[in-house]
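Here is a friendly walk through one model, feature by feature.

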Amino acid sequence: MPPKGKATQKPKAGSSTTTITTTKPSAPAAPSTNNTNNNASKQPEKEEPSTVAELSRYHFELCHPFEGKRSTTQANQLVWFASRLVTRLPVRFLGAKGQKDLWKTVNEHSLPARGFNLRKYKKRQQQHKGVDSRGRDIGEYTAKEWGIRQEKRVTLSCLQLQSQRFRELRDRQKRGFVDRQTGDQVLVTDSEYTEEKQRRGEMEKLSRELYGVEGMAKQGKLALDPEWDDVVPIVMEDPENALAAIAYSPDYAEAMSYLRAVMSAKEYSPRSLKLTEYIIKLNPAHYTVWLFRAANIFAMKLPIPDEITWLNQIALESLKNYQIWHHRNLLVEHYHPSIASDPPALASFATSEREFLTQILAQDTKNYHVWSYRSWMVGKLGMWGNPEELRSTEELIEQDVRNNSAWSHRFYLVFSDPENCTPGEKYAVTEADPKVPGEIVDREVAYAEEKIRLAPQNQSGWNYLRGVLVKGGRGFSSVREFAEEFVKGLGEGEEAEEVRSSHALDLLAEVYKELGERERADLCLRRLMEKWDRIRGGYWQWRREGLGLAEVAA
């Protein structure tokens with residue numbers, strides 16, 4: 001403690017003890033509001049510290065006023081030494097004279113007896129360095145902002161401790177620990193799982209606010225879910241200097257790393273199924289995920305109708321996705337044996353499938369994947385003689401007579417029916433089948449003619465008519481009168497000639513060739529080449545040459 005008496009007492013004359021002497025610094029001038037520079041003795045007003053870095057430095061300078069002057073003059077160095085010495089324990093071991101001189105210097109220069117701790121100051125300086133998650137310099141924070149940041153850090157620490165306690169409790173549950181007080185086995189309740197999940201979300205949010213994605217916040221949705229704590233994700237990284245590195249989103253990359261882990265372990269569980277659903281929402285075209293999902297459903301023996309109900313919504317959201325229909329194919333293949341011997345159940349399932357296909361075709365009537373699945377479904381579920389299926393194609397053709405997919409499906413439905421065709425692959429699609437009933441051929445010819453009259457230039461109807469005639473073993477000449485309805489005055493001059501359908505003219509060429517009227521057949525092909533379908537002139541010329549007429553060859 002300082003010696004008693006006046007601190008400014010002068011030393012006795014002739015004293016041999018060395019004293020620390022220096023010039024007493026003048027007191028700082030009081031703040032002034034006068035902006036004139038007439039009085040040179042007044043010091044400029046010093047701005048109040050506004051940031052935490054400035055405030056910390058300000059406090060340090062208050063406690064160490066000579067810290068920045070220790071390398072200027074010898075007198076200042078002595079004062080600096082006294083300011084450092086007075087705050088340390090060794091001052092007690094000085095002699096009486098040394099302590100007297102030391103305290104004299106302290107009193108003369110108003111040095112603080114308790115200095116600012118340099119270690120704490122340097123530690124605080126480190127806290128004020130760097131940038132936050134938004135790229136702002138932390139040292140530029142105001143005192144209020146710094147307080148808010150510190151509160152968030154304390155909150156994050158508390159949440160981390162609670163999360164650690166949850167992990168310890170769950171580990172005890174896995175090991176079968178028994179509570180000594182109650183005698184019951186340690187269990188983690190559903191509410192505790194829910195609280196932990198919410199807690200990790202708060203931890204993630206605080207981590208991102210405090211440290212950004214480059215700091216503590218590198219955890220994704222699955223890493224924050226306590227259900228996946230026991231899984232070590234398998235991360236796949238592109239090789240260094242890869243020519244075509246794929247820029248996966250963080251959520252997708254994390255989900256795939258967990259998927260690799262459960263696939264490697266062949267884990268078929270509800271959480272694996274939930275993981276496939278999560279990835280499918282991120283990328284519905286990933287076929288490996290669909291295959292693993294099907295394996296989970298079959299291994300856990302889940303109800304196939306429930307999976308199909310879920311799949312319907314996914315299909316409506318991704319109309320052009322092939323993997324969806326392949327997955328549906330696998331489901332029906334797996335489900336069919338359980339209802340094959342139950343006709344009412346089979347009919348009910350077929351009806352639900354047709355209703356859904358009608359719903360999805362209403363959005364995209366020419367979806368190849370849907371029509372391909374529908375053709376397979378007809379054979380698998382035995383829907384050949386189902387009048388509703390045939391009526392469904394009629395409705396689609398009435399909506400759009402140019403829907404070639406509906407025409408093709410109708411042809412397959414009618415002429416691949418085991419009741420109306422020879423079983424096996426004895427006859428190709430373009431060959432006549434003697435088992436096809438004549439009344440079926442008459443019905444389909446009449447249907448095709450009716451639709452052709454609605455749109456004579458529509459090729460789908462003409463192709464269907466040709467196919468029906470070939471499959472029924474009938475010649476093209478049987479529809480001569482119908483085809484001639486669309487061609488008038490052929491070869492009688494530009495004004496007299498009227499062709500409402502180039503496809504009818506093409507069919508008439510086949511009709512006349514079949515009847516042996518080669519000159520008339522050549523006239524049809526020549527007029528197609530010259531006027532009615534000049535873009536395929538080379539094709540029509542080749543057809544003319546096939547007639548074997550001398551003038552054509554020349």
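This is a predicted model: local features need pLDDT of at least 70, side-chain atom pairs count only at pLDDT 80 or more; totals for chains, interfaces and linings use all residues.

Q: Where is Lys266 found, between which helices?

A: Lys266 sits in the loop that runs between H7 and helix H8 (270-282). Its backbone is worth a look too: although Lys266 is not a glycine, its phi is positive, about 50°.

Q: What is the phi of Lys301?

A: Lys301 has a phi near 55°, again a positive value in a residue other than glycine. You can find Lys301 in the loop between helix H9 (287-300) and helix H10 (304-317). Lys301 is exposed, with a relative accessible area of 75%.

Q: Let me step back to the whole chain. How many helices and strands does the protein chain have?

A: The secondary structure comes to 22 helices and 2 strands. Of the 554 residues in the protein chain, 37% are buried. The chain exposes about 33600 Å², and carbon and sulfur atoms supply 51% of that area.

Q: How should I read the contacts along the sequence, and what percentage join residues at least 24 apart?

A: Take the contacts between residues at least 6 apart in sequence: 62% of them join residues at least 24 apart.

Q: What does Leu275 touch?

A: Leaving out residues up to four places away in sequence, Leu275 touches Leu222, Trp228, Ala255, Tyr258, Leu259 and Val262.

Q: How do I read a helix such as H6, and which of its residues are buried?

A: An α-helix has 3.6 residues a turn, so residues three or four places apart point the same way. In H6 the buried residues are Glu196, Arg199, Arg200, Met203, Glu204, Leu206, Ser207 and Leu210. Helix H5 (143-175) is included in what covers them. The length can be checked as well: at 1.5 Å a residue, the 22 residues of H6 should span 32 Å, and the end C-alpha atoms are 31 Å apart, which agrees.

Q: Which residues make the nonpolar surface patch of about 330 Å²?

A: That patch is made by Met236, Ile246 and Tyr248. Met236 lies in the loop between helix H6 (190-211) and helix H7 (250-264). Met236 is exposed, with a relative accessible area of 52%.

Q: Is Asn403, a loop residue, buried or exposed?

A: Asn403 is buried, since its relative accessible area is 0% and buried means under 20%. The loop in question runs between helix H14 (387-399) and helix H15 (404-415). Not counting residues up to four places away in sequence, Asn403 touches Thr365 and Lys366.

Q: How many salt bridges does the count come to?

A: Side chains of opposite charge can pair when their charged atoms come close. With nitrogen and carboxyl oxygen within 4 Å as the rule, the count comes to 30 salt bridges. One of them joins Glu267 and Arg271, whose closest N and O atoms are 2.7 Å apart. Arg271 is buried, with a relative accessible area of 12%.

Q: Where are Arg527 and Glu497, whose pair links distant parts of the chain?

A: The side chains of Arg527 and Glu497 meet in a salt bridge, at 2.9 Å from N to O. Arg527 is in helix H20 (residues 518-532), while Glu497 is in the loop between strand S1 (487-488) and strand S2 (498-499), and the two are 30 residues apart. Arg527 counts as buried at 10% relative accessibility, and Glu497 is buried with a relative accessible area of 7%.

Q: Which residues are linked with Arg527 and Glu497 in a network of salt bridges?

A: The network links Glu494, Glu497, Arg526, Arg527, Glu530 and Lys531.

Definitions and conventions. Residues are numbered from 1 along each chain as its sequence is written. Side-chain values use heavy atoms; hydrogens and water are left out. Patches are made of residues with over 30% relative accessible area and no salt bridge: like charges are joined within 9 Å, nonpolar side chains (Val, Leu, Ile, Met, Phe, Trp, Tyr) within 5 Å. Accessible areas come from the Shrake-Rupley method with a 1.4 Å probe; for residues, only the protein chains shown count as cover. Helices (H or I, at least four residues) and strands (E, at least two) are DSSP runs, numbered from the N terminus. Buried means under 20% relative accessible area, exposed over 50%, partly exposed in between (1.4 Å probe, protein chains only). The expected span of a helix is 1.5 Å times one less than its number of residues. Contact means heavy atoms within 4.5 Å.
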